[in-house]
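This briefing covers a pocket, a nonpolar core and a set of salt bridges. Please look over the sequence and the structure before reading on.

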Amino acid sequence: MEHEWLLKKNCSMSPRQVGVAYGLLCLFLLVIGLAFAAHGAWPVLVFALLDIGVLAVALLCYARHAGDRERVALGDGCLLVERVEAGRVRSIRLEACWTRIGMPDRRHSLIALESRGVRVEIGAFIAEELREQVAQELRRELRKTALLR
């Protein structure tokens, strides 16, 4: 592929850092819960365990979507759009010479790619400010590809 764009979330913590933070928080909650349980306040331990469980579910959801990304590659007369979301990969191949780009025109709108009746929206994993820049780059590279043919 001649040109490639990788659009992904900016995750502030690595999976290892999330695991360490979760472990420390669990330890802290267990110490507090056990201290209160030792003084006869068992419900505090129950709520500490409940907190640990709810936090585990939230972190699993976070981890499941931490690797979400879109890869857009241009080359050999085609535009390949690959989306990874919650571990599932979906690929769509569009003909570069027939592809139109719909610029994001309002807040929270995505970049629309259309080619011969197939429509794909990209840019969900990047900031709104970058969407217009990516759309302009794509448009410029698609025009270059069309001129070379």
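Is Glu82 buried, partly exposed or exposed? Glu82 is partly exposed, because its relative accessible area is 22% and buried means under 20%. The model is predicted, and the points below are grouped by topic.

**Salt bridges**

- Side chains of opposite charge can pair when their charged atoms come close.
- A search of the whole structure finds 10 salt bridges.
- One of them joins the side chains of Glu4 and Arg71, at 3.2 Å from N to O. Glu4 is in strand β1 and Arg71 is in strand β2, so this pair ties together parts that lie 67 residues apart in sequence.
- Glu4 is partly exposed, and its relative accessible area is 48%.
- Arg71 also meets Glu82 in a salt bridge, at 4.0 Å from N to O. Here the link runs between distant parts of the chain, from Glu82 in strand β3 to Arg71 in strand β2, 11 residues apart.
- Arg119 and Glu121 form a salt bridge through their side chains, at 3.1 Å from N to O.
- Arg119 counts as partly exposed at 47% relative accessibility, and Glu121 is partly exposed with a relative accessible area of 37%.

**Nonpolar core**

- The largest nonpolar core has 19 residues. Leu79, Ile101, Ile111, Leu113, Ile122 and Leu138 have the most contacts inside this core.
- Elements that give two or more residues to this core are β1 (3–8), β2 (69–75), β3 (78–85), β4 (88–95), β6 (111–115), β7 (118–122) and α3.
- The element that gives the most to this core is α3, with four residues.
- Leaving aside residues up to four places away in sequence, Leu138 touches Trp5, Val72, Leu79, Ile101, Leu113 and Ile122.

**Largest pocket**

- Rolling a probe the size of a water molecule over the atoms shows where empty space is left.
- The largest pocket has a volume of about 150 Å³.
- Its lining consists of Ala96, Cys97, Thr99, Arg100, Ile101, Arg139, Leu142, Arg143 and Ala146.
- Two or more lining residues come from each of β5 (100–102) and α3 (128–148), and α3 gives the most, with four residues.
- Sorted by class, the lining has five nonpolar, one polar and three charged residues.

Technical notes
Residues numbered from 1 in each chain as written. Predicted model: local features only at pLDDT ≥ 70, side-chain atom pairs only at ≥ 80, totals over all residues. Heavy atoms only, no water. 1 Å grid on protein atoms, 1.4 Å probe; cavity = no way out; pocket = protein on both sides within 12 Å on 5 of 7 lines; lining within 4 Å. Points joined across faces, edges and corners; volume = space filled by probe spheres on them. Nonpolar A, V, L, I, M, F, W, Y, C, P; charged D, E, K, R; others polar. Core = buried A, V, L, I, M, F, W, Y, C linked by side-chain atoms within 4.5 Å. Buried < 20%, exposed > 50% of the residue type's maximum accessible area, 1.4 Å probe, protein only. Contact = heavy atoms within 4.5 Å.
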